[in-house]
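Subject: Structure for your review

Dear colleague,

Please find below the structure that I am handing over to you.

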Amino acid sequence: MAYSALEPQEVPSRMTGEIVANTAESGRYDAYLPSPCVQNHAANLAFLVDGTLTCVWFGGTMEGMGDISVYMSRLEPGARRWTEPEKMSDDPAKSEQNPLIFTAPDGRVWLLFTSQTSGNQDGAVVKRRMSDDGGKSFGRTEVLCDIPGTFVRQPIIVNSAGDWLLPVFRCIGEAGRRWTGAVDRAAVLISRDQGRTWTMQEVPDSIGAVHMNVVPADGATMVAFYRNRFATNVLRSQSSDAGLSWTAPEAVDLPNNNSSIQAIRMKNGAIAMVYNHSNASMSDARRHSLYDEIESDGGEDNGSTETVASARPAVWGVPRAPLSLAFSTDGGRTFPRRIDLDSGDGYCLSNNSKDSLNREFSYPSIVEDAEGRLHVAYTYFRRAIKYVRLDPPYLENVE
């Protein structure tokens, strides 16, 4: 099943947050989250203890610019409209990106996000804000990880021993060059004291594997899925010690276009993944890098002491469409069932939202509620965050 996308000029007038039934597909409901920003990207969904569904993302004029800040909207239990967004970060000198929400076992709610100057991801650090009232208000901004080039995208997982696992990726610089992503690699920040201190454990042989997404399996077994900087296939690795160490990432049977993925284990045991069913073999569209429309702030000296020579260039510009949902019943080795949630040309050779040049569907997030409904949020043309709810009758028709 495919869903026809709106024309780009239609998006702003419908950014009301109201959830409406999709007339083309029974059991599906859509909304466009309200936002004051011309560009909106990198949504992450999470439930609070009271049942409120939160969505955090970053917005501003263009990814990498100093006016990029984190926003949060809420969908309260039983509500039919997302709330007006709250601005959650506001450092005018930094681009604040890739937010996520985590409710700790003690009930405190964490907001994490990255902070960088211009397009220099190899100088990024991870920051946090804490809430002691269930996510209603948040305290001051603090640095969680000051290792230059550390980026987050996926949720914190608490393993069976009570250790906290924060999957990260290391944006590594190349000598004499601006960051391109060609030598990025995966790691896990591990805390054994409820987030007070962290140690970093790298994933072996993981150059090009980013956006590590940890999914618990059985007992101490966990699997992880990765975005692929070289735009070939989604990658997968496994842990047998509750996420403290990992096998080297290997390809699975889903294409990847060097754009974000997210996966969860559903209550029925299946793994559901949202991603772009696209890779470099399907298109010759290319751009130099993610930030080739933004001038550098003047230096490759971004605080990182690590530089690596790349043997293989990262691939940018492969269309970010369709936005697809796939299911696996064998631990994420194969994904035989798939549907498309949004279709179009996925043009992403420009991040320009002001002139509606970008037409991607990307950076999806997915959660399941107690009733077995799937909630998905994703970037729509970099103009809006689109929300989709899929009820069990809809999912039962997936072939």
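Predicted model: local features only at pLDDT ≥ 70, side-chain atom pairs only at ≥ 80, totals over all residues.

Residues are numbered from 1 along each chain as its sequence is written, and side-chain values use heavy atoms, with hydrogens and water left out.

Nonpolar cores

A nonpolar core is a set of buried Ala, Val, Leu, Ile, Met, Phe, Trp, Tyr and Cys residues joined through side-chain atoms within 4.5 Å. Buried means under 20% relative accessible area, exposed over 50%, and partly exposed in between, with a 1.4 Å probe and protein chains only. The largest core has 25 residues, and those touching the most other members are L325, F327, L341, I366, L374 and L390. Two or more residues each come from β21 (271-276), β22 (323-328), β23 (337-342), β24 (361-368), β25 (374-380), β26 (384-390) and α1 (392-396). Here helices (H or I, at least four residues) and strands (E, at least two) are DSSP runs, numbered from the N terminus. β25 gives the largest share of this core, 4 residues. A second, separate core has 17 residues, including F102, I156, L166 and W198.

In β22, 6 of 6 residues are buried. L323, L325 and F327 point one way from this strand, and S324, A326 and S328 point the other way. Two strands pair if DSSP finds at least two bridges between them. β22 pairs with β21 in the antiparallel sense over 6 bridges, and A272 has F327 as its bridge partner in β22. The pairing of β22 with β23 is also antiparallel, over 5 bridges, and I339 in β23 stands opposite L325.

Two open sheets

β1 runs antiparallel to β2 (residues 28-32), and 2 bridges join them; D30 in β2 is the bridge partner of V20.

Another open sheet has 4 strands in the order β3-β4-β5-β6, and the pairing is antiparallel. β3 and β6 (86-87) stand at its edges with a single partner strand each, so one side of each has no neighbour in the sheet. Within this sheet, β4 (residues 53-60) and β5 (residues 69-75) pair over 7 bridges, and S69 in β5 is the bridge partner of G59.

A buried loop residue

D391 lies in the loop between β26 and α1. Its relative accessibility is 12%, so D391 counts as buried. The side chains of D391 and R389 are joined by a polar contact of 2.8 Å (a pair of N or O atoms within 3.5 Å; within protein, one must be able to donate a hydrogen and the other to accept it, and residues adjacent in sequence count only if both atoms are side-chain atoms).

Pockets and cavities

On a 1 Å grid over the protein atoms alone, a cavity is a set of points where a 1.4 Å probe fits but cannot get out, and a pocket is an open set with protein on both sides within 12 Å along at least five of seven lines; lining residues have an atom within 4 Å of a point. Grid points are joined across faces, edges and corners, and a volume is the space filled by probe spheres set on the points.

The largest pocket has a volume of about 560 Å³. Of the 24 residues that line this pocket, P155, I156, I157, I264 and V367 lie nearest its centre. The second largest pocket holds about 250 Å³. Its lining has 18 residues, with P77, G78, D369, R373 and H375 closest to the centre.

There are 2 cavities of 30 Å³ or more. The largest cavity has a volume of about 70 Å³, and Q121, H211, R227, L290 and Y363 lie nearest its centre among 13 lining residues. The second largest cavity has about 60 Å³ of space.

Yours sincerely
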